[in-house]
Amino acid sequence: MTATAPTADAAVRKSSPGAARGPRRRPGRIRRAGLPYLLLLPALLLELLVHLVPMVIGAVMSFKELTQFHIRDWGTAPWAGLDNYAVSVDFDAPVGKALLHSFLVTLAFTLLSVGLCWLIGTAAAVFMQDTFRGRGLLRALFLVPYALPVYAAVITWVFMFQHDNGLVNHVLHDQLGLTDKPSFWLIGDNSFLALLTVSVWKGWPFAFLIVMAGLQNIPRELYEAAALDGAGVLQQIRRITLPSLRPVNQVLVLVLFLWTFNDFNTPYVLFGRSAPEAADLISVHIYQASFVTWNFGTGSAMSVLLLLFLLVVTGVHLALTSRGRRTAP
């Protein structure tokens, strides 16, 4: 009888609601579950202040007839509705025709820049996989264009592209004799080549860094087995390297496309406030429409259209890549 008493008491304590361990642990679990959101709260607030609030204000401004007469108190500007959007997409009118030309120039520039950045970065990353003397120093030198501040790097290119005493004309015309006379690189049709050169020089180290990190996850045994089967270097790149890098390249291409299409610093520092017609990127075009002609309503509408286009491109890209992952064996 006395031996069974402690057992009965323990059973009573275990079955009592106050002694249950679940309710006492529940507040701690809630606090642990909410801790990540609490840590993310400062970043979310900064993101709201820095990006989302100006984005919403810009969207509201696109529906107003906002010019220099109402810039001091833009809230009093008359409501324009969709007139700013109608002017922007009217490709028969001068404003819409100029915007369409800028969009096509930006699209061609972005496709060429992203393709060359990916090609050069991938080739350099594959080359750096082999062990040789001085590889670490060469990797560091490859990352110099990406590490330099944008303004310092582009200003250096401005001096190099000068007509009379620039390094580019000195090498191409004076030393190599590839041109009949010194070329104008910052005006005219050559401005597109100058802008593309600076963009590729500045952007390919990022592709090199990302692809080189992705190559670290490919087992070396695959290349050894392919070499034993008689596969050459090109076959190994085609059958092993590129398929293994597909997830990395999908993200890399999207990021490079968004960065390049939105690039404002490079053309602005290279050409100033008025870019040549051949290098009239849409970011500088919207800046001119807003801060040069003082038509902030039309400029805001162009910005919203640009945002919608990039959202559509991102959505299509994510849909295609997710479908490819689902259909992959």
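Reader: Which residues does serine 191 touch, leaving aside its neighbours within four places in sequence?
Author: In this predicted model, serine 191 is in contact with Trp185, Leu186, Phe271, Pro276, Ala278 and Ala279, leaving aside neighbours within four places in sequence.

Reader: Where is serine 191 found? And is it buried or exposed?
Author: Serine 191 is in helix α9. Its relative accessibility is 0%, under the 20% cut-off, so serine 191 counts as buried.

Reader: What about leucine 195, what does that touch?
Author: Not counting residues up to four places away in sequence, leucine 195 touches Phe109, Thr266, Pro267, Leu270, Phe271, Ala279 and Leu281. Phe271 and Ala279 are also among the contacts of serine 191.

Reader: Which residues touch the most other members of the largest nonpolar core?
Author: Phe161, Leu195, Phe208, Leu256 and Leu270 do. That core has 51 residues.

Reader: Which helices supply at least two residues each?
Author: The helices are α4 (94–127), α7 (150–160), α9, α10 (220–228), α12, α13 (265–271), α14 (282–292) and α15 (296–327).

Reader: Which gives the most to this core?
Author: Helix α9 does, with 13 residues.

Reader: Why would nonpolar side chains be found together?
Author: As a general rule, nonpolar side chains in soluble globular proteins tend to be buried together.

Reader: Let's do α14. How many of its residues are buried?
Author: Nine of its 11 residues are buried, so α14 is mostly covered. The buried ones are Ile282, Ser283, Val284, His285, Ile286, Tyr287, Gln288, Ala289 and Ser290.

Reader: What comes just after α14?
Author: Tryptophan 294 does, with a positive phi of about 60°. Trp294 also belongs to an aromatic cluster with Phe264, Tyr268, Tyr287, Phe291 and Phe296.

Reader: How many aromatic pairs are there in the whole structure?
Author: A search finds 21. One of them joins phenylalanine 63 and tyrosine 85. Their ring centres are 5.4 Å apart and their planes are at 45°, so the pair is tilted.

Reader: Where do those two sit in the chain?
Author: Phenylalanine 63 is in the loop between α2 (21–61) and α3 (83–88), and tyrosine 85 is in helix α3. They are 22 residues apart, and the pair links distant parts of the chain.

Reader: Buried or partly exposed?
Author: One of each. Phenylalanine 63 is partly exposed, at 26% relative accessibility. Tyrosine 85 is buried, at 13%.

Reader: What about phenylalanine 206 and tryptophan 259, how are they paired?
Author: That aromatic pair is tilted, with 4.8 Å centre to centre and 45° between the planes. Phenylalanine 206 is in helix α9 (residues 190–215) and tryptophan 259 in helix α12 (residues 246–261), 53 residues apart. Phenylalanine 206 is buried, with a relative accessible area of 12%.

Reader: Zooming out, how many helices and strands does the protein chain have?
Author: The chain has 15 helices and zero strands. Of its 329 residues, 33% count as buried. The chain exposes about 20,700 Å², and carbon and sulfur atoms supply 68% of that.

Conventions: Residues numbered from 1 in each chain as written. Predicted model: local features only at pLDDT ≥ 70, side-chain atom pairs only at ≥ 80, totals over all residues. Heavy atoms only, no water. Phe/Tyr/Trp six-rings, centres within 6.5 Å; stacked < 30°, edge-to-face > 60°. Helix = DSSP H or I, 4+ residues; strand = E, 2+ residues; numbered from the N terminus. Buried < 20%, exposed > 50% of the residue type's maximum accessible area, 1.4 Å probe, protein only. Areas by Shrake-Rupley, 256 points an atom, 1.4 Å probe, with all protein chains shown as cover. Core = buried A, V, L, I, M, F, W, Y, C linked by side-chain atoms within 4.5 Å. Contact = heavy atoms within 4.5 Å.
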